[in-house]
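Please have the sequence and the structure in view while I talk.

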Amino acid sequence: MTFFDRLADRIETANSVVSVGLDPDLARLPDHLMEKDLPRWAFNRRIIDATHEHAACYKPNAAFYEDPDGWRALQETIAYAHGKDVPVLLDAKRGDIGNTARQYADLLDSADAITANPYMGRDSLEPFLERTDAGVFLLCRTSNPGGADIQNLELASGEPVYERVAALADTWNRNGNVGLVVGATQPEELEEIREIVPDIPFLVPGVGAQGGDAEAAVEFGLAKLDEQSSSADRTKSGIGVGLVNSSRGIIFAGEDQGEHFHKASGQAAKRLKERLNEYR
Ligand SMILES: O=c1ccn([C@@H]2O[C@H](COP(=O)(O)O)[C@@H](O)[C@H]2O)c(=O)[nH]1
């Protein structure tokens, strides 16, 4: 079963396309958790307990775990999410020469999918592309203001770089495991990219704290998987596969509520699920 088939099943079970971003900024964790052995793990466990029924996936960003305790916290978090039957997309934005990329691809032994930067080209992505069991989401048009600096540059053909990335991703998708990262802050680009790649699921960050367009995220972020990569039943029921991510807007929703912080996170995840479902 491909990652996207598993994700489609999860979307169906949870009736949700919400990706809950697990970015446990140590400076914002509740005081009472700071005395724990692994505060980030303690925090994530409570967030997962409160949000899992609304989560299509969890998206830890590797930047928040890149120290020895952080990697332990990340492994505990991934195992716990799996225990709740929720897939994990590691937002690591990796990409390097093939020999190094093969090491990065080992991250997929624990996570179900990863984000990668396509700037170094096909060979840098090959170790991810060949993991038929896992997903790889390529940065296409990112949500940050500076995303336009390079991604919107026009090539000699007149197409912007982000459109070429989308077209290339389609040609690299021989195993049906490629997705694209397209920010909700860029609704016009979301629509354009969806026209180029009707069958590729998007990870759409930027709703919540970045103020992106939730309706466009759902309208253009979800793809109907083709019959080869999805079960006949699912194709019939027309499940759209894709993810709309919110991190700070969910995990820090109860920042001012001390030991009960996770309750507000559960409510925020439920609210986002319901809002997105209005557009599905
Ligand atoms: O274009 C992109 C790609 C990745 N991200 C990541 O998603 C989350 C967003 O967090 P919020 O708190 O919901 O703003 C974070 O991990 C980013 O690094 C993105 O925002 N945009």
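**The ligand and its surroundings**

Let me begin with aspartate 23, which in this predicted model places a polar side-chain atom 2.7 Å from an oxygen atom of the ligand. Lysine 59 also faces a ligand oxygen, with an N or O atom of its side chain at 3.2 Å from an oxygen atom of the ligand, while in serine 143 an N or O atom of the side chain is 2.6 Å from a nitrogen atom of the ligand. As for cover, the ligand taken alone exposes 460 Å², and the protein buries 88% of that.

Where does the ligand sit? It is found in the largest pocket, and the elements that contribute two or more residues to the shell around it are β3, residues 89-94, and β10, residues 243-246.

Turning to the shell as a whole, 15 residues surround the ligand, and the closest are Asp23, Ser143, Gln210, Ser247 and Arg248. Sorted by class, the shell holds seven polar, five charged and three nonpolar residues.

Finally, on confidence, the protein chain has a mean pLDDT of 95, with 96% of its residues at 70 or more, and for the complex the predictor gives an ipTM of 0.99 together with a pTM of 0.97.

Methods:
Residues numbered from 1 in each chain as written. Predicted model: local features only at pLDDT ≥ 70, side-chain atom pairs only at ≥ 80, totals over all residues. Heavy atoms only, no water. Near = heavy atom within 4 Å. Polar contact = N/O pair within 3.5 Å; in protein donor to acceptor, adjacent residues only side chain to side chain. Areas by Shrake-Rupley, 256 points an atom, 1.4 Å probe, with all protein chains shown as cover. 1 Å grid on protein atoms, 1.4 Å probe; cavity = no way out; pocket = protein on both sides within 12 Å on 5 of 7 lines; lining within 4 Å. Sits in = over half its atoms within 2 Å of the grid points. Helix = DSSP H or I, 4+ residues; strand = E, 2+ residues; numbered from the N terminus. Nonpolar A, V, L, I, M, F, W, Y, C, P; charged D, E, K, R; others polar. pLDDT = per-residue confidence, 0-100.
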